[in-house]
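Keep the viewer open as you read.

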Amino acid sequence: MNVVLSFYLQPFASNKQLKLGPFERSTLYNWKRIWRNVFNKNLTSSEQSLWYQVVNNVVPTNEALHKIGLTPDPKCRCCGQKNTIEHKLTDCVYKKLWEDAVHAISSFTRVKKEHINANNILKPSFYYGPKDQHIKTLKFFASVLTVVL
């Protein structure tokens, strides 16, 4: 009994990502905070929809489209790297936009730039400052994601 029980509980004992079908879940994310941010009542329905797509990684990148056979190549057309949401946001054509956005949010929230990274944005578990400042941050990054995606 203990062997069987430990076999089933073993994945939950570590902080490694767990693969559950096409979705990845991790014990490293504060999912309660993420969903609170995604479905914040002060966001418009289009902003909520965008955040939902980003968090669930259902944005039509070449990598995602290649997995379902809708594009022949999973690589970025601009630079040839793996075309993911994070790549589009931080590495390629929109790199300067990303750097400017991080600088703007860092100045606005007084959060150090090194604490604002793509992972914090793609899984928005952050809470920056007072409520109105936090809402502005969510809306600002939603507008950046709209341009990029």
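## The nonpolar core

Start inside: the largest nonpolar core has 28 residues, and the members touching the most others are Trp51, Leu89, Trp98, Ile116, Ile121, Phe141 and Leu145. A nonpolar core here is a set of buried Ala, Val, Leu, Ile, Met, Phe, Trp, Tyr and Cys residues joined through side-chain atoms within 4.5 Å. Buried means under 20% relative accessible area, exposed means over 50%, and partly exposed is in between, using a 1.4 Å probe and protein chains only. Two or more residues each come from helix H2 (31–38), H3, H5, H6, helix H7 (118–122) and H8, with H8 giving the most, 6 residues. Helices are DSSP runs (H or I, at least four residues), numbered from the N terminus. As background, nonpolar side chains tend to be buried together in soluble globular proteins.

Before going on, some bookkeeping. This is a predicted model, where local features need pLDDT of at least 70 and side-chain atom pairs count only at pLDDT 80 or more, while totals for chains, interfaces and linings use all residues. Residues are numbered from 1 along each chain as its sequence is written, and side-chain values use heavy atoms, with hydrogens and water left out.

Which residues does Ile116 touch, leaving out those up to four places away in sequence? Its contacts (heavy atoms within 4.5 Å) are Trp98, Val102, Ile105, Ser106, Val111, Ile121, Tyr128 and Phe141.

## Aromatic pairs

There are 8 aromatic pairs. Rings of Phe, Tyr and Trp (its six-membered ring) pair if their centres lie within 6.5 Å; planes under 30 degrees apart are stacked, over 60 edge-to-face, and the rest tilted.

Trp35 and Phe39 give a stacked pair, at 6.0 Å centre to centre with 20° between the planes. Trp35 is partly exposed at 27% relative accessibility, and Phe39 is partly exposed too, at 46%. These two also belong to one aromatic cluster with Tyr29, Trp31 and Tyr52.

## A buried lysine

Is Lys123 buried or exposed? With a relative accessible area of 14%, Lys123 is buried. You'll find Lys123 in the loop between H7 and H8. A polar atom of the Lys123 side chain lies 2.9 Å from the backbone oxygen of Val55. Not counting residues up to four places away in sequence, Lys123 touches Tyr29, Trp31, Ile34 and Val55. Tyr29 and Trp31 turn up in the aromatic cluster as well.

## Salt bridges

How many salt bridges does the structure hold? The count is 3, where a salt bridge is a side-chain nitrogen of Lys or Arg within 4 Å of a carboxyl oxygen of Asp or Glu. Glu47 and Lys139 form one of them, at 2.9 Å from N to O. This pair links distant parts of the chain, with Glu47 in helix H3 (residues 45–55) and Lys139 in helix H8 (residues 131–148), 92 residues apart. Glu47 is buried at 16% relative accessible area, whereas Lys139 is partly exposed at 27%.

Another joins Glu63 and Lys82, with the closest N and O atoms 3.2 Å apart. Glu63 lies in helix H4 (residues 62–67) and Lys82 in the loop between H4 and helix H5 (85–90), so parts 19 residues apart in sequence are tied together. Glu63 is buried at 15%, but Lys82 is exposed at 55%. Then there's Lys96 with Asp100, at 3.0 Å from N to O. Both sit in helix H6 (residues 95–109), 4 residues apart, which is about one turn of the helix. Lys96 is exposed at 54%, and Asp100 is partly exposed at 40%.

## Cysteines

With a disulfide taken as a pair of cysteine sulfur atoms within 2.5 Å, the count comes to 0 disulfides. Cys78 is in none, and its nearest cysteine sulfur, that of Cys76, is 4.4 Å away. Cys78 is exposed, at 59% relative accessibility. Cys79 isn't in a disulfide either: the nearest cysteine sulfur belongs to Cys92, 3.8 Å away. Cys79 is partly exposed, at 40%.

Notes:
A polar contact is a pair of N or O atoms within 3.5 Å; within protein, one must be able to donate a hydrogen and the other to accept it, and residues adjacent in sequence count only if both atoms are side-chain atoms.
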